[in-house]
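Reader: I am new to this structure and would like to know what the terms used for it rest on. Please set each value against its definition.

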Amino acid sequence: MPDKGKARQTLPKGALLSKPKEFQAVYQNGKRLRGKEFSLIFMPNGLNTNRLGISVHGVKRAVARNRIKRIIREFYRLNRQFISPSSDIVIAVRKDFPPDSPQEVGRAVRPLLRNLPLA
RNA sequence: AGGAGUGGGCGCAUGAUCGCGCUGGCGCAGGUCGCCGGUGAGGAAAGUCCGGACUCCGCAGGGCAGGAUGGUUCGUAACGCGAACCGGGGGCGACCCCGGGAAAGUGCCACAGAAAACAGACCGCCCCGGUUUUCCGGGGUAAGGGUGAAACGGCGAGGUAAGAGCUCACCGCUUUCAUGGUGACAUGAAAGGCACGGCAAACCCCAUCCGGAGUAAGACCAAAUAGGAAAGCGUUUGAGGGCUGCCCGCCCGAGGCUUUCGGGUAGGUUGCAAGAGGUGCCGGGUGACCGGCAUCCCAGAUAAAUGAUCAUGGCCCCGCAAGGGGUACAGAAUUCGGCUUAUAGCCCACUCCUUUUU
RNA sequence: CGGGAUGUAGCGCAGUCUGGUAGCGCACUUGAAUGGGGUUCAAGGGGCCGGAGGUUCGAAUCCUCUCAUCCCGA
């Protein structure tokens with residue numbers, strides 16, 4: 001868990017992918033890690049920060065959809081410093097993934113991150 | 001006490017820490033910046049079922065189609081919404097549900113039944129003739145039987161060979177008149193003498209209303225590609241286009257239009273939030289609602305902000321207790337008025353029924 | 001934001017406009033034929049027509065609301 005207070009855990013808009021082009025670039029050139037309920041796609045971006053993109057598919061109710069995004073974003077905010085810099089990451093969530101807290105996301109993501117080659 | 005009806009309201013609160021959008025101010029190293037403050041989802045934001053505002057389409061016009069609504073009168077910017085009333089139906093009741101026209105026409109009414117729609121007669125009933133344990137023929141009749149969702153006024157009396165609105169009383173129906181009401185309609189009187197089955201959420205008729213698109217409307221700035229290729233049509237005797245779908249009619253119209261292929265851009269600003277606005281008081285109206293005064297400013301995102309963690313406290317459920325669990329439906333996207341649908345747990349007001357006690 | 005289509009047997013579809021009996025193919029079950037299987041032939045079972053109300057004597061069909069799935073346009 002993050003050591004409190006040292007680094008500020010901010011999450012400005014620039015740290016989120018927002019253009020279709022950016023998403024397409026990650027989808028086409030990135031590496032995929034498949035999990036049970038979501039996929040994790042990443043690629044180097046040439047910047048000195050990492051960026052996050054969230055894709056939720058198949059969840060129809062807006063409340064549930066937004067909640068998934070917010071929780072994933074919160075998880076990313078808290079753990080951003082541990083993710084290798086200068087890379088774009090897209091988390092593509094499939095249908096039956098109803099996380100209730102950032103910790104749950106962490107538990108689900110960590111096994112995949114372990115395989116991430118930090119090169 | 002229990003059950004029920006109608007109308008209305010709330011729909012977690014407070015604090016701390018870390019974050020996010022918009023915004024005011026200040027600072028500088030002038031941007032992926034920092035600090036201080038303000039503000040930030042709903043009663044349905046939902047479904048997109050109606051009606052408006054706004055914007056563009058060049059709102060000339062006429063006709064035909066097409067769609068919607070459907071007791072009356074009000075309310076409203078408008079409505080398919082709301083209010084009050086009228087008529088019919090349901091409920092012991094509070095109360096709830098339904099609503100043009102079937103004597104303009106067309107069509108449909110399966111099965112059963114004699115007959116299903118300007119009537120007709122299977123079994124009956126009665127009379128006459130023949131024959132005579134019985135049955136046959138002719139005529140009258142529609143009260144009774146049976147079928148069906150529905151059977152040609154209902155019920156009683158008179159009357160008759162048996163019967164029948166054949167006659168009469170009451171009820172219903174139709175027509176006319178009178179009175180009351182803005183009106184739907186109500187009440188009363190007279191006459192007619194039974195003619196008029198149901199279905200228009202079947203076609204249809206009648207009345208009223210409706211131009212088309214939609215904020216990705218539309219306006220501005222910036223960037224980029226290209227003045228491309230093929231086919232067809234046509235240049236005043238007019239291709240093609242616009243005016244809603246069609247017709248009439250009108251208008252525009254020349255190195256142009258249509259189709260296909262190929263190529264490019266899809267970034268920013270605005271629209272974009274002070275509104276048929278909210279709250280309070282007063283006044284008018286049975287009511288929906290309207291008027292006046294005061295006061296408040298109340299989200300503006302764009303792969304789309306309103307979140308996470310912790311604590312304390314409400315409320316509900318389980319449990320003797322310690323304690324444990326739960327806290328719905330659901331997320332703004334130009335905007336407003338309705339409708340419809342979803343919704344844990346509650347609260348308030350008025351009313352009805354049953355039972356008990358006094 | 002706007003416009004449309006479809007839900008019927010395990011699967012794919014008719015029937016809906018014009019209301020009264022839900023039918024076709026594949027699959028399934030049983031029997032026949034074969035030494036056995038396939039093919040073939042014969043017979044049979046299986047549906048409260050996506051859900052809830054309403055209109056009608058009667059609704060898969062007509063009307064209203066609602067739930068899914070799919071497809072267009074800007």
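**Terms and values**

Author: E3, H2 and E4 make a left-handed β-α-β unit. This is a predicted model, in which local features need pLDDT of at least 70 and side-chain atom pairs count only at pLDDT 80 or more, while totals for chains, interfaces and linings use all residues. Residues are numbered from 1 along each chain as its sequence is written, chains are lettered from A and ligands numbered from 1 in the order in which they are written, and side-chain values use heavy atoms, with hydrogens and water left out.

Reader: What makes a crossover right-handed or left-handed?

Author: A crossover is right-handed if, with the strands pointing away from the viewer, the path from the first strand over the helix to the second runs clockwise. The unit of E3, H2 and E4 is left-handed.

Reader: What do the letters H and E stand for, and how many helices and strands does chain A have?

Author: Helices (H or I, at least four residues) and strands (E, at least two) are DSSP runs, numbered from the N terminus. Chain A has three helices and four strands, in the order α-β-β-β-α-β-α from the N terminus on.

Reader: How do you know which strands pair with E4, and in which sense?

Author: Two strands pair if DSSP finds at least two bridges between them. E2 (residues 38-44) and E4 have seven bridges and pair in the antiparallel sense. E3 and E4 have six bridges and pair in the parallel sense. Methionine 43 stands opposite aspartate 88 in E4, and leucine 52 has isoleucine 89 of E4 as its bridge partner.

Reader: Why is E4 called largely enclosed?

Author: Buried means under 20% relative accessible area, exposed over 50%, and partly exposed in between (1.4 Å probe, protein chains only). Seven of the seven residues of E4 are buried, so the strand is largely enclosed by the rest of the structure. In a regular strand the side chains alternate between the two faces of the sheet. Both faces of E4 are covered: Ser87, Ile89, Ile91 and Val93 are buried on one side, and Asp88, Val90 and Ala92 on the other.

Reader: Is valine 90 buried or exposed, and what is it in contact with?

Author: Valine 90 has a relative accessible area of 0%, so it is buried. Contact means heavy atoms within 4.5 Å. Leaving aside neighbours within four places in sequence, the contacts of valine 90 include Leu17, Phe23, Tyr27, Leu40 and Gly53. The C-alpha atoms of valine 90 and glutamate 22 are separated by 10 Å, although the two residues are 68 residues apart along the chain.

Reader: Why is glutamine 28 called exposed?

Author: Glutamine 28 has 61% relative accessibility, so it counts as exposed. Glutamine 28 lies in helix H1 (residues 20-29).

Reader: What makes arginine 51 and aspartate 88 a salt bridge?

Author: A salt bridge is a side-chain nitrogen of Lys or Arg within 4 Å of a carboxyl oxygen of Asp or Glu. The closest N and O atoms of arginine 51 and aspartate 88 are 3.0 Å apart, and the pair forms a salt bridge. Arginine 51 lies in strand E3 (residues 51-56) and aspartate 88 in strand E4 (residues 87-93), so the pair ties together parts that are 37 residues apart in sequence. Both residues are buried.

Reader: How many salt bridges does the structure hold?

Author: The structure holds two salt bridges. Glutamate 74 and arginine 77 also meet in one, at 2.6 Å from N to O. Both lie in helix H2 (residues 62-79), three residues apart, about one turn of the helix. Glutamate 74, at 29% relative accessibility, counts as partly exposed, as does arginine 77 at 25%.

Reader: What makes a set of residues a nonpolar core, and how many residues has the largest?

Author: A nonpolar core is a set of buried Ala, Val, Leu, Ile, Met, Phe, Trp, Tyr and Cys residues joined through side-chain atoms within 4.5 Å. The largest has 20 residues, and Phe38, Leu40, Ile72, Ile91 and Val93 have the most contacts inside it. Its largest share, five residues, comes from H2. Apart from this core lies another, of six residues, among them Phe23, Val26, Ile41 and Met43.
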